[in-house]
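Here is a short briefing to read alongside the sequence and the structure.

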Amino acid sequence: MSGHSKWHNIRLKKGKVDAQRGKMFTKISREILMAAKAGGGDPEANLTLKNAIIRAREVNMPADNIKRVIEKATGGAEGANFEEIMYEGYGPHGVAVLVDAATDNRNRTAADMRNLFAKNNGNLGDSGCVAWMFDKKGVISIPGDAITEDKLFELAIDAGAEDVKPTDDGFEVLTAPTDFAKVLGAIEKAKVKTESAELSMIPKTVVILGAPEARAVLKLMDVLEDYDDVIHVYANFDIPAEVLEEVGA
């Protein structure tokens, strides 16, 4: 599990997500809107939309909200004009960063991204500068007390998963993007508890951070995530558990 994922888990446990739920709903609404507009409103025929709906349910977005966004997109309503853009750059200490954004003003968002990186000891780069360091995967997090590793491995691999990896407090199931919904469905059908499930960009190699470096990198992560147009932020850092506990205190 990347350090970024661990940091998200700490924020969840601290209850910070509740304070940001309204902002999260806005970000995911944009994601659903773009997916439905591009590929239609049937999640069974539109994998991107199906994955966006899974993400919406993970943060307890009401079903009525999801339905309204899909209807707005497929009905050709005004305002459904966001485009998705991936920004790439480097954070402090050489950490590679990918920012997935949805914007109705490309020039404004690009300028703001450049400023956010620069003000937090990073640099916004050209397209392709760091994307090659990541692979797109489905990631399903399972708490350690939900199932044994052997049973989870058998269940997940039989459903089409690529791998099952132990983490500090459970397991991660990794899938190809096209198999994500199918594998998650099999896990849910078996009534195995999940902590999170999403399509993510997984780094091929990671930069291990100490406490001073972690504080600087996490400051940039928080600033980027708080920006309204940003949907996801991915980075290739890892933070040892004891260091993360120190900086998250």
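## A helix across a sheet

In this predicted model, helix H6 lies across strands E4, E5 and E6, and H6 runs at about 155° to E5. The secondary structure of the protein chain comes to nine helices and ten strands.

**Helix H6**

- Which residues of H6 are buried? In this helix, which spans residues 149-159, they are Leu152, Ala156 and Ala159. These residues cover an arc of only 65° around the axis, which puts them on the same side of H6.
- Asp150, Lys151, Glu154 and Asp158 are exposed, on the other side of H6.
- The cover over the buried residues of H6 includes strand E4 (134-143), strand E5 (163-166), strand E6 (170-175) and helix H7 (180-189).
- Just after H6 comes glycine 160, with a positive phi of about 115°.

**The sheet E5-E6-E4-E7**

- Four strands make up this open sheet, in the order E5-E6-E4-E7, and their pairing is antiparallel. E5 and strand E7 (196-203) are at the edges with a single partner strand each, so one side of each has no neighbour in the sheet.
- Ignoring direction, neighbouring strands of this sheet are turned by 35° against each other on average.
- E5 and E6 run antiparallel and are joined by four bridges. If you want a place to look, valine 164 stands opposite valine 173 in E6.
- Strands of a sheet pair through backbone hydrogen bonds, either parallel or antiparallel.

**Serine 141**

- Strand E4 contains serine 141.
- Is serine 141 buried or exposed? Its relative accessibility is 8%, so serine 141 counts as buried.
- Leaving aside neighbours within four places in sequence, the contacts of serine 141 are Phe171, Glu172, Thr194, Glu195 and Ser196.

**The sheet E3-E1-E2-E9**

- Another open sheet has four strands in the order E3-E1-E2-E9, with antiparallel pairing. Its edge strands are E3 and strand E9 (230-235), each of which pairs on one side only.
- How many bridges link strand E1 (residues 83-90) and strand E2 (residues 96-103)? Eight bridges do, in the antiparallel sense. Glutamate 88 has leucine 98 in E2 as its bridge partner.
- E2 and E9 also run antiparallel, joined by five bridges. Here valine 97 has alanine 235 in E9 as its bridge partner.
- Helix H8 (residues 211-226) lies across E2 and E9, and H8 runs at about 160° to E9.

**Helices H3 and H7**

- Two packed helices are described by the angle between their axes and the distance between the axes.
- For helix H3 (residues 47-58) and H7, the axes come within 10 Å and cross at roughly 40°. That angle makes H3 oblique to H7.
- On the H3 side of the contact are Leu47, Lys50, Asn51 and Ile54, which meet Phe180, Ala181 and Leu184 in H7.
- H7 is also among the elements that cover the buried residues of H6.

**Glycine 40**

- Glycine 40 is in the loop between helix H2 (16-39) and H3. With 27% relative accessibility, glycine 40 counts as partly exposed.
- Setting aside neighbours within four places in sequence, glycine 40 is in contact with Ala35, Asn46, Leu49 and Thr74.
- Glycine 40 and alanine 73 are 33 residues apart in sequence, and their C-alpha atoms are 8.4 Å apart in space.

**The whole chain and its confidence**

- The protein chain has 249 residues, of which 46% count as buried.
- Taking contacts between residues at least 6 apart in sequence, 72% join residues at least 24 apart.
- The average pLDDT of the protein chain is 85, and 88% of the residues score at least 70.
- Which element has the lowest mean pLDDT, and which the highest? Helix H1 (residues 3-13) has the lowest, at 53, and strand E3 (residues 123-124) the highest, at 96.

Definitions and conventions
Residues are numbered from 1 along each chain as its sequence is written. This is a predicted model: local features need pLDDT of at least 70, side-chain atom pairs count only at pLDDT 80 or more; totals for chains, interfaces and linings use all residues. Side-chain values use heavy atoms; hydrogens and water are left out. Buried means under 20% relative accessible area, exposed over 50%, partly exposed in between (1.4 Å probe, protein chains only). Helices (H or I, at least four residues) and strands (E, at least two) are DSSP runs, numbered from the N terminus. The arc is that of the directions from the helix axis to the C-beta atoms. Contact means heavy atoms within 4.5 Å. pLDDT is the predictor's confidence in each residue, from 0 to 100. Two strands pair if DSSP finds at least two bridges between them. Axes are lines fitted to C-alpha atoms, for helices over the stretch in contact, and angles run from 0 to 180 degrees between N-to-C directions. Angles under 35 degrees count as roughly parallel, over 145 as roughly antiparallel, 65 to 115 as roughly perpendicular and the rest as oblique.
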